[in-house]
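Have the structure open as you read.

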Amino acid sequence: MAKQLSLEQLVTCGVERANAMAMLPLINQCLASLSPVDCWQCLTKKVLKPQYPFALDEFLYQTVFADWDFSQGEPPVWLPAAEQIKTTNISALMKELEISSYLELHCWSLQNRAEFWEIMIQRLNIYLHQKYRHILDLDQGIESPQWLVGAKLNIVASCFQAPKNDSAIIWQREGGPLCHLTYGELEDLTNRVANGLRDVGLTPGDSIEIAMPMTAESVAIYLGIIKAGCVVVSIADSLAAEEIAIRLQLSRAKAIFTQDYILRAGKNLPLYSKVVDAAAPQAIVLPNDCYLTVKLRNQDLPWAEFLSPLEQFEAVVTGPEAHTNILFSSGTTGEPKAIPWTQTTPLKCAIDGHLHHDIHPREIIAWPTNLGWMMGPWLIYASLINRATIALYYGAPTGRAFGQFVQDAQVTMLGVVPSLVNTWKTTSCMQGLDWSGIKAFSSTGECSAPQEMLFLMSLAGYKPIIEYCGGTEIGGGYLTGTLVQPCAPATFTTPALGLDLVIVDENGHAANKGEAFIIPPAIGLSTELLNKDHHEVYFANTPSMLPSLPLRRHGDQIEHLPNSYYRAHGRTDDTMNLNGIKVSSVEIEQVLNTVAGVQETAAIAVSPSQGGPKQLVIYLVVKPNVQVDKALLMNSLQMAIKQHLNPLFKISDLAIVEGLPRTASNKVMRRVLRDQYLKRKLQPDDR
């Protein structure tokens, strides 16, 4: 590259003049003598530092790749060194199988699906009380595969195979010190929970809700419920009372664990009161700090009274198909899908963690999440089965205090949602922190924007990002990255090992851009729903590439790029991801339609022009003869969402229209609205 930069161009990026003078010769030398990819590698290793303004990174990135053909895909900005590849779990598996390339490994995992999962079960040393007769049985068809036929197990036993003195959890309250819980201490607390459940009369098979933030205690509660043979019902602590009540009814829960309140950014957010308003069954209530601040109902128990003193408990052993967890995922109707996880679903979490996220024993894994979202249980299994450490920060992850926790806890893998990265980038709150201990990031929950992912990488001196796309009904990811392939921002490098997909266009033909369909079977894929017809949701009327190869619907819009990588374009149905949380248009509309003056609404999610997380846009029809003030109406709509659905869902735009486009069967055509919005960007008088 012949382009040469001037001192003033670097200074304009916010770099101090002395630093700019020192780095300029090397920058120009790289630009003059190296290919764009090699030039960028040189700059990230020898010039760009986390303490410099990100404006410098952006400017150099645009300069280096000014002539790049982005229609072919984003340029690789991180390349794995040969020595780094050798240390990965994927490399160890390839060596065991005598396979020489990742592509060959992925092909092998598809051609030998049963053997792949069996080898991984052995590599992770999954504890079986009784060994299986067959790893996979397809006698009931590809939609209903039977895994680990004849086995008896309790997956919690596989979570406690690390040395007892190793750290299982590192945690910190807002403004507090770092605290550690060893594997031995976590197991003791798990057993005390399991004994406590038995003491209050709960029996194997009972459903028990958890509506709590992600804490050391909630992890022990989660594991204790499953160890006792009961079923966890996962509830996001941000949900409104009405949404908690719906999930209570769907799961028929016998009890609920909750907390008096949540402390976030200095504010006390009530939690127990929402559980009471939801008419929950018996509640076991934990204090946010040392003492409860609320008066309990007569049937409820404080944590200290519930917890058994007995630290030994014999795990209840079940078949592999037994339910362990009920999670909820929105579809295109108002009621959320109730998706049961079985004893085998955690294997998918742990295997994805082992291979694609390259989690090793004693590494420290942080992921701001919640047990109400699948990444909460995923974090537990991916960390503990791989003998790593979970890092939990009890405050909001949006500010510098969280970044300080990541630094002080020496986190090695940090999981994010793109909207969180956008907040860090906008506020510059992570400037100057030392995240050099991070080996890799992972991003999921939303479509990410290349510039934001570049910013994230820069915070740790350009470490790779594992883009990770999946779902509750998968138990993990179906599109992902690895640490043995180059990393290009906001793109996926591969289908997950043991899985494959087909991209289908609107005519039902294989294409490079369209809806992604999964090719079953694989451990982790759901086989039932508690409140819907599983076949109708995932298999009915799906395209067929071969008569013997039924495809499984997932609903993501995916593009297969010319460079063989993949890019996500959001949902193809009326489900959307907002702040990393899946919600249906109908759920939002049902709430908004109750607001005074509103006749009907349509909720859509659109990507900003520069890419990144989806934004919520509302089309609204006002009742006849009603005059509204748009600003006041916007405020009322936002308040309704906060009170009745989730305060994390923010309306970015409101369009007041005379009517909504509909099909002949009177269904609202939200896709038409999305297309109209993107074309018009709303006229000034609509804003």
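## A covered strand and its partner

Let's begin with strand E30, which spans residues 598-606 and is mostly covered, with eight of its nine residues buried. Keep in mind as you look around that this is a predicted model.

E30 pairs with strand E31 (residues 615-622) through eight bridges, and the two strands run antiparallel. To find your place in the pairing, look for valine 598, which stands opposite valine 622 in E31.

## Helices H9 and H10

Two packed helices are described by the angle between their axes and the distance between the axes. For helix H9 (residues 183-199) and helix H10 (residues 216-227), the angle is about 55° and the axes are 8 Å apart. That makes H9 oblique to H10. Their crossing is right-handed.

On the H9 side, the contact residues are Leu186, Glu187, Leu189, Thr190, Asn191, Val193, Ala194 and Leu197; H10 meets them with Ala216, Val219, Ala220, Ile221, Leu223, Gly224, Ile225 and Lys227. Sorted by class, this contact of H9 with H10 has eleven nonpolar, three polar and two charged residues.

## Helices H6 and H7

How do the axes of H6 and H7 cross? Helix H6 (residues 89-97) and helix H7 (residues 102-111) cross at roughly 70°, and their axes come within 11 Å. An angle from 65 to 115 degrees counts as roughly perpendicular, and H6 and H7 are therefore roughly perpendicular to each other.

H6 brings Ile90, Leu93, Met94 and Leu97 to the contact, while H7 brings Tyr102, Leu105 and Trp108. By class, the contact of H6 with H7 has seven nonpolar residues, with no polar and no charged ones.

How values were computed: Residues numbered from 1 in each chain as written. Predicted model: local features only at pLDDT ≥ 70, side-chain atom pairs only at ≥ 80, totals over all residues. Heavy atoms only, no water. Axes fitted to C-alpha atoms, helices over the stretch in contact; angles between N-to-C directions. Helix = DSSP H or I, 4+ residues; strand = E, 2+ residues; numbered from the N terminus. Parallel < 35°, antiparallel > 145°, perpendicular 65-115°, else oblique. Left-handed = near helix turned anticlockwise from the far one by under 90°. Contact = heavy atoms within 4.5 Å. Nonpolar A, V, L, I, M, F, W, Y, C, P; charged D, E, K, R; others polar. Buried < 20%, exposed > 50% of the residue type's maximum accessible area, 1.4 Å probe, protein only. Pairing = 2+ DSSP bridges.
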